[in-house]
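Subject: Structure handover

Hello,

Here is the structure I promised to pass on.

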Amino acid sequence: MSRGAISTEKLTKFYGDVRGIHDLDLEVRPGEIFGLLGPNGAGKTTTIRLLLDYIRPTSGRATVLGMDARRAGVEIRRHVGYLAGDFAAYDNLTGAEFFEFLARLRSNVDRAYLNQLCEQISFDRSRKIGTLSKGNKQKAGLLQALMHRPRLLILDEPTFGLDPLVQDQVHNLLRAAASDGVTVFLSSHILSEVEALCERVGIVRHGLLVATETVQSLKARAVRRLTITFSEVVPETVFASLPGIQNVEVSDGRVRCQVTGSLDAVVKTAARYRVQDIVTEEPKLEDVFLGYYSDDDAVAREVKNAG
Amino acid sequence: MLGNTFLKTLRDQRISGSIWLAGMLAITAYVVFLFPVIAEQAEALNELIENLPEALLALAGGVIDYSTLNGFLAAEFFSVFCPIIFLVYAVIHGSGTIAGEEERGTLALLLANPVSRTKVILHKAAALVVALMAGSLTLWLGLIAWAGIAGIEIGAWKLAQGCASIGLLGIFFALLSLAGGAATGRRGISSGIALGAGVATYLVNAFAPLVSWLEPGRLATPFYYYGGGDPVLNGLNMLHAGVLVGASIVLLAYSVWAFERRDLTR
Ligand SMILES: Nc1ncnc2c1ncn2[C@@H]1O[C@H](COP(=O)(O)OP(=O)(O)OP(=O)(O)O)[C@@H](O)[C@H]1O
Ligand SMILES: [Mg+2]
């Protein structure tokens, strides 16, 4: 039996010939917020659906809260709150009826806590779910995942498609749950989201776990694109030699480059000249992978070795 | 009506189910009040029927006697009409309840709770059985009530047995489409299979008396065990009813087995 909130051993799922996830070894510690980060089709949803016994592994195994995912599904789900990526509720029920139905199904709902949560994120339970906006529907999904005070939350892209305001509300709810000792396992394809929320991150791509990192070291590895506009001419060579800098292009007093990790050296160097504007782009997920692979051939090799 | 999956599944049928039952009351009124007109010409009709070739008589459902209400119902109502309205309702809801929820994505929601797949499917099957029994009961109540109002003599006990038989046929097809949905998660596939099987076995059963090589195939059709108008005239054949019940239990067991072992599609 494993102590981890979630632990997988060579967990593998193939859909026919299509690889969902391959040889996943993952350990989520009790009480942490763990993010599974990866682009579309990486295998995030596959992993989550395996953990909840919606689909069965081709090989390998998973334990959730110390119990076998395959054999102890009912007991696991008593203590897990789950929000699906494509969360669908009963559109013809009102929020109140919806929660009531689920409360009877799972008979371990803390109604006072549910009321408090509804207040907190101002969720209107009198309306039919079918008439709610995407954001409010997602709130209903989050509330049903939280209302029985689960020990573990499993959330598939919980903020996908939400505006920043609602996104913030969701983040706050998750942080509050985590500070109550709830383990949170979420998937995302947005780097800034896992950076803001998670302590550790697993990076998946093409069905493979590429790395498991703390958010700090992920940030240190993140590749940022930077454009600095000067109001004077700067010599081409000053930037090219800085640590962590790549692909420097200089033209008409404008410097474009990619920086890995800290921006300190670049900013201090730039400060020696007259700066008009600095624009940094949010690191893209694909750029994060540049830190791990120089090209897709490397991925292909890795896949070959794994398979 | 939200206490558990069984009640929730019944609640999901409350609108279409009410319409179905109300429609049944209307149609039973129609056939009962039509009967006196037919009965006036019963002698002529019976004479005509006696002179029909054996084969055609079999096609029309066997023994026919238009001079009693039970005879009239057996010939028309229970041979053709009732199987259709029970089959359609059974297939719509049998395939809708698992496969429909799966396609809408709400099955994942149900199964995020501490309930097993077996429990979900048993609750849903129970709701189907109850709905179809309600249909068969309404059919019986409608017929005897209208006959009472119209002052027509009716064999209520034999009629009850006929209604029980159509209920069993409905349950069989509901569980057949439930099984298709449990095995595939696809509503189109499960209702297609169940409707196709319904039409095909109906035709085999209907034409078997005329076509010698079809005759043995009859035993493989649910309509043979349903008995058409026969239970309304002669009472339920317990062996035949037992076959329908047994086949339904096998289908339910298969549904549980298939549903437990496969990947959910959504
Ligand atoms: N039911 C299925 N049948 C066949 N292939 C599937 C199925 N579900 C997923 N896949 C494939 O498995 C791979 C992983 O998919 P998965 O849904 O787990 O990715 P994801 O990381 O959740 O992506 P997204 O960010 O788009 O949600 C993809 O190539 C996908 O096409
Ligand atoms: Mg996904």
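Predicted model: local features only at pLDDT ≥ 70, side-chain atom pairs only at ≥ 80, totals over all residues.

Every value here is computed from it.

**The interface**

Start where the chains meet. Chain B brings 27 residues to the contact, and chain A brings 24 residues. Together the two chains bury about 2400 Å². Carbon and sulfur atoms account for 54% of that area. Three residues stand out on the chain B side: B:L2, B:L109 and B:P114. They supply 26% of the area that chain B buries against chain A, more than any other three residues.

Now the polar side. Between chain B and chain A there are 17 residue pairs in polar contact, counting pairs with both residues at pLDDT 80 or more. Which helices of chain B each supply at least two residues of the side that touches chain A? They are α1 (5–12), α5 (69–104), α6 (106–110) and α12 (238–261). The largest share comes from α6(B), with 4 residues. By class, the side of chain B that touches chain A holds 9 nonpolar, 8 polar and 10 charged residues.

The interface also has 3 salt bridges. A salt bridge joins the side chains of A:K13 and B:D263, at 2.5 Å from N to O.

**A helix in chain B**

Take a look at α8, residues 156–184 of chain B. It has 29 residues. From first C-alpha to last it reaches 42 Å, close to the 42 Å expected at 1.5 Å a residue. Is α8(B) mostly covered or mostly uncovered? Mostly covered: 23 of its 29 residues are buried. B:G185 follows the helix, and its phi is positive, near 75 degrees.

**Salt bridges**

Over all chains, the search finds 18 salt bridges. Some within chain A are worth a look.

- A:K44 and A:E157 form a salt bridge, with the closest N and O atoms 3.7 Å apart. This pair links distant parts of the chain, 113 residues apart. A:K44 sits in helix α1 (residues 44–51) of chain A, while A:E157 sits in the loop between β7 (152–156) and α6 (164–179) of chain A. Both A:K44 and A:E157 are buried.
- A:D110 pairs with A:R149 in a salt bridge, with the closest N and O atoms 2.8 Å apart. Here too the pair links distant parts of the chain, 39 residues apart. A:D110 lies in the loop between α3 (95–106) and α4 (111–120) of chain A. A:R149 lies in the loop between α5 (134–146) and β7 of chain A. A:D110 is partly exposed because its relative accessible area is 25%. A:R149 has 44% relative accessibility, so it counts as partly exposed.
- A:K268 and A:D264 meet in a salt bridge at 3.1 Å, N to O. Both lie in helix α10 (residues 264–270) of chain A, 4 residues apart, about one turn of the helix. A:K268 has a relative accessible area of 55%, so it is exposed. A:D264 is at 42% and therefore counts as partly exposed. Elsewhere, A:D53, A:R56 and A:R70 are joined into one network by salt bridges that share partners.

Best wishes

Technical notes: Residues numbered from 1 in each chain as written. Chains lettered and ligands numbered in written order. Heavy atoms only, no water. Contact = heavy atoms within 4.5 Å. Buried area = accessible area lost by both parts, 1.4 Å probe. Salt bridge = Lys/Arg side-chain N within 4 Å of Asp/Glu carboxyl O. Polar contact = N/O pair within 3.5 Å; in protein donor to acceptor, adjacent residues only side chain to side chain. Nonpolar A, V, L, I, M, F, W, Y, C, P; charged D, E, K, R; others polar. Expected span 1.5 Å × (residues − 1). Buried < 20%, exposed > 50% of the residue type's maximum accessible area, 1.4 Å probe, protein only.
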